[in-house]
Amino acid sequence: MGSMHLGLEEESDGFSKLATFYAERARGGAGLIVTGGISPNRRGVLGPNGARMQSMRHAKKHQVITEAVHREGGRILMQILHGGRYSYHPFNVAPSALKAPINRFKPRALSERGVERTIKDFVHSAHLAKAAGYDGVEIMGSEGYLINQFLVSSTNHRKDRYGGSFENRMRFPVEIIRRIRERMGDDFVIMYRLSMLDLVADGSSWDEVIQMARAIEEAGASIINTGIGWHEARVPTIATLVPRGGFTFVTKRLMGSVSIPLVTTNRLNMPGVCEEALEQGCADLISMARPFLADPDLVIKAKTNRTDEINTCIGCNQACLDQIFKQQIASCLVNPRAAHEGEWPLDARTSDPRRIAVVGAGPAGLSAATELARTGHAVTLYEKSHQIGGQFNMAKRIPGKEEFNETLRYFNRQLELLGVAVQLNTDVQAGELLAYDEVVLATGVKPRAWNVSGAGEDARVVSYIDVLKGDVELGDTIAIIGAGGIGFDVAEFLVHDGRHDFYETWGIDKELRERGGLNAPADVTSERTVHMLQRSAKKMGGGLGKTTGWIHRMGLKKAGVQMHTGVAYQSLSPDGLRYTQDGEEHTLAADHFVVCAGQEPFHPLAEDLKVMGKPAHLIGGALNASKLDAQRAIKEGLELAYALR
Ligand code: FAD
Ligand code: NAP
Ligand code: SF4
């Protein structure tokens with residue numbers, strides 16, 4: 001299980017929660033766990049209160065984790081990570097005083113004595129990790145953190161023995177590994193996360209990657225793990241649009257160059273794709289990180305031929321990385337229990353089993369129905385359409401969001417396993433629900449109408465639902481009204497023509513000939529003319545995920561989508577849409593106007609049930625459509641099930 005910082009590392013009672021979290025994954029079959037990054041000293045922490053391993057007091061706090069994992073028969077390494085110029089505080093240090101484009105704090109250049117002290121801090125930290133009971137350490141040498149900054153000439157302008165030639169630039173990590181091995185002896189795992197593909201201009205060349213791997217082996221590393229892309233790289237590396245196993249080709253290229261095992265990573269989310277990577281000789285070992293948030297039992301399920309029961313990571317980043325960037329505890333959109341195991345224990349059962357009707361099989365209803373059944377209630381799930389999934393059936397049609405299918409496969413299987421009675425094609429009426437002890441309304445949302453004058457009667461005005469269901473033949477010029485999550489997805493749906501694959505679109509050099517693995521991206525300008533409009537003058541897409549919003553914005557820009565902010569709609573006429581912007585009048589002619597103007601709660605049964613003396617529980621969009629997403633919908637289903645215990 002790959003390293004993930006959960007935010008619990010900095011919480012006052014976080015270590016016992018981390019122990020529960022890691023122990024559950026060890027029990028679920030993870031062969032080797034790597035913790036989130038822990039800094040070897042104060043300067044290297046990622047944020048002001050970042051976790052460090054610098055004293056026996058720190059080591060003692062970790063013991064609860066290592067004991068819990070070992071009790072389950074697992075093995076665990078502590079990752080040592082020094083942020084360098086990525087550390088988000090004013091006391092950060094780096095090989096040279098060069099500010100990172102993703103940090104407002106400019107680092108101070110380490111003196112030669114400072115470099116020496118930092119190496120000693122890594123070694124001390126590894127020693128303390130052993131004292132805490134860890135089976136070894138992973139040295140974080142990738143993603144653009146301190147070690148990476150030493151390796152690459154654009155971030156290392158030093159004139160001493162740690163700068164200049166590549167031999168000099170790699171001296172810092174090689175010395176760290178050599179001295180840790182010297183201090184810790186043979187019975188201690190040292191995994192090194194090697195940046196094999198920097199994806200930044202002037203990054204390492206492939207020859208340097210090989211040279212580095214050999215030097216690291218020689219210095220005493222036991223395993224080499226793969227790192228892909230610096231955090232400042234403008235190429236997606238783990239988001240859902242990255243093809244499954246999309247970077248295993250990089251690790252494969254290194255196979256045979258060293259004799260220690262190689263680990264491959266990134267967007268490996270299901271057993272089949274892992275098996276394929278191993279069969280094709282891409283690596284000796286597989287690392288998955290986020291998939292263990294989505295399902296702690298994924299290995300055991302794979303081993304026992306229950307792959308169809310795996311709750312698959314869909315690569316959305318919404319509840320994991322995006323939350324970390326908002327200084328919140330990480331969790332998982334499809335598994336809100338992740339990192340909150342204590343709040344919703346899996347073995348909880350009701351002492352008062354009841355007959356419960358759940359109306360609506362979108363994410364909220366599916367989550368409620370399965371969790372209510374798990375806790376011991378007899379559940380009937382009503383859905384008016386022919387399939388479960390609600391809006392996920394539209395989301396899964398967006399190019400790059402195909403993974404949403406997996407969530408529907410997972411819920412379908414859970415409904416079967418838990419014996420939920422599913423009634424599809426049933427637009428249930430209030431009277432039929434009176435026979436139940438409890439009623440849950442998860443009937444979702446209805447799209448908000450666009451109330452500009454002339455829109456009501458105009459055949460060019462269509463809803464995102466018509467477009468995504470394929471119910472309209474669209475013209476060449478489209479205006480999208482509203483630029484929230486759905487407006488962006490609809491734009492992607494309209495401009496994506498499949499002419500270029502992921503690597504061509506983002507300029508990834510699969511031959512690894514160019515430094516950093518970058519080459520010129522393909523021209524992906526769409527043949528369709530697409531406009532996006534919003535009334536707010538704020539940055540378009542500002543409400544999208546912290547770690548994925550830039551991908552959507554950049555993708556649409558590459559496709560030539562024209563974005564109009566600060567727009568005031570006036571009227572729609574045969575000539576087009578009249579609007580004002582910055583006080584100027586404009587007319588936008590288009591073949592279609594696709595309305596993506598947000599949504600409103602849809603709960604027609606709520607009032608009837610109340611009148612009949614059976615008030616219902618509302619969740620998801622039915623409760624509140626403002627700021628609704630699948631993360632909230634699924635979590636509300638789980639919370640309600642535990643509240644009704
Ligand atoms: P819905 O998904 O709307 O489900 C409600 C269900 O109730 C429907 O199946 C409906 O048929 C059924 N129903 C209604 N009335 C009745 C009745 N009387 N009887 C029986 N059944 C009834 N969210 C994210 O978090 N991340 C994303 O990347 C994302 N992408 C999206 C992309 C698109 C194109 C769309 C449209 C949405 C996307 N969303 C995304 C939003 C997410 O899908 C919704 O927030 C979520 O589906 C809301 O869940 P819900 O269960 O409340 O409602
Ligand atoms: P949304 O994010 O609230 O966006 C609605 C858009 O419509 C805004 O751009 C808004 O901008 C505009 N709008 C609002 N009222 C309007 C009106 N009366 N007339 C014209 N325009 C109006 O809602 P959404 O796009 O429908 O998405 C629904 C939910 O699904 C969101 O909460 C989102 O989190 C989730 N989702 C997430 C993703 C994802 O990738 N994470 C993808 C899809 C959906 P102005 O008011 O400035 O014009
Ligand atoms: Fe995967 Fe999304 Fe869950 Fe993160 S929140 S672990 S990306 S499914």
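**Entry 1: ligand 1**

Which polar backbone atom lies 2.8 Å from an oxygen atom of ligand 1? I found that it belongs to alanine 630. I am working on a predicted model, where local features need pLDDT of at least 70, side-chain atom pairs count only at pLDDT 80 or more, and totals for chains, interfaces and linings use all residues. Residues are numbered from 1 along each chain as its sequence is written, chains are lettered from A and ligands numbered from 1 in the order written, and side-chain values use heavy atoms, with hydrogens and water left out.

I then looked up two more polar contacts, meaning pairs of N or O atoms within 3.5 Å; within protein, one must be able to donate a hydrogen and the other to accept it, and residues adjacent in sequence count only if both atoms are side-chain atoms. A backbone N or O atom of lysine 384 sits 3.0 Å from a nitrogen atom of ligand 1. In the side chain of aspartate 427, an N or O atom is also placed 3.0 Å from a nitrogen atom of the ligand. Taken alone, ligand 1 exposes 1000 Å², and the protein buries 92% of that (Shrake-Rupley areas with a 1.4 Å probe; for residues, only the protein chains shown count as cover).

The shell came next. I list 36 residues around ligand 1, with Gln318, Glu383, Lys401, Gly621 and Ala630 the closest (a residue is near a molecule or strand if one of its heavy atoms lies within 4 Å of it). By class I get 19 nonpolar, eleven polar and six charged residues; Ala, Val, Leu, Ile, Met, Phe, Trp, Tyr, Cys and Pro count as nonpolar, Asp, Glu, Lys and Arg as charged, and the others, Gly among them, as polar. Helix 21 gives the largest share, three residues. Helices (H or I, at least four residues) and strands (E, at least two) are DSSP runs, numbered from the N terminus. Domain 2 (355–446 + 600–643) and domain 3 (449–597) each supply at least three residues; the bounds come from an automatic or database domain assignment.

**Entry 2: ligand 2**

Where does ligand 2 lie relative to domain 2 and domain 3? Both domains give residues to its shell, so ligand 2 lies between them. I see 22 residues around ligand 2, the closest being Ala483, Ile486, Arg535, Ser536 and Leu628. Helix 17 provides the largest share, four residues. The classes are seven nonpolar, nine polar and six charged.

For contacts, I noted a polar backbone atom of leucine 628 at 2.6 Å from an oxygen atom of ligand 2. Serine 536 has a polar backbone atom 2.8 Å from an oxygen atom of the ligand. An N or O atom in the side chain of arginine 448 is 3.1 Å from a nitrogen atom of ligand 2. Ligand 2 taken alone exposes 900 Å², of which the protein buries 75%.

I checked the open sheet with strand order 19-20-21, which is antiparallel. Strand 19 (567–573) and strand 21 (584–588) each have a single partner strand, so one side of each is left without a neighbour in the sheet. Pairing takes at least two DSSP bridges; strand 20 (residues 576–581) and strand 21 have five. Arginine 578 stands opposite threonine 587 in strand 21.

The other open sheet has seven strands in the order 1-2-5-6-7-8-9, with parallel pairing. Strand 1 (33–38) and strand 9 (285–286) are the edges.
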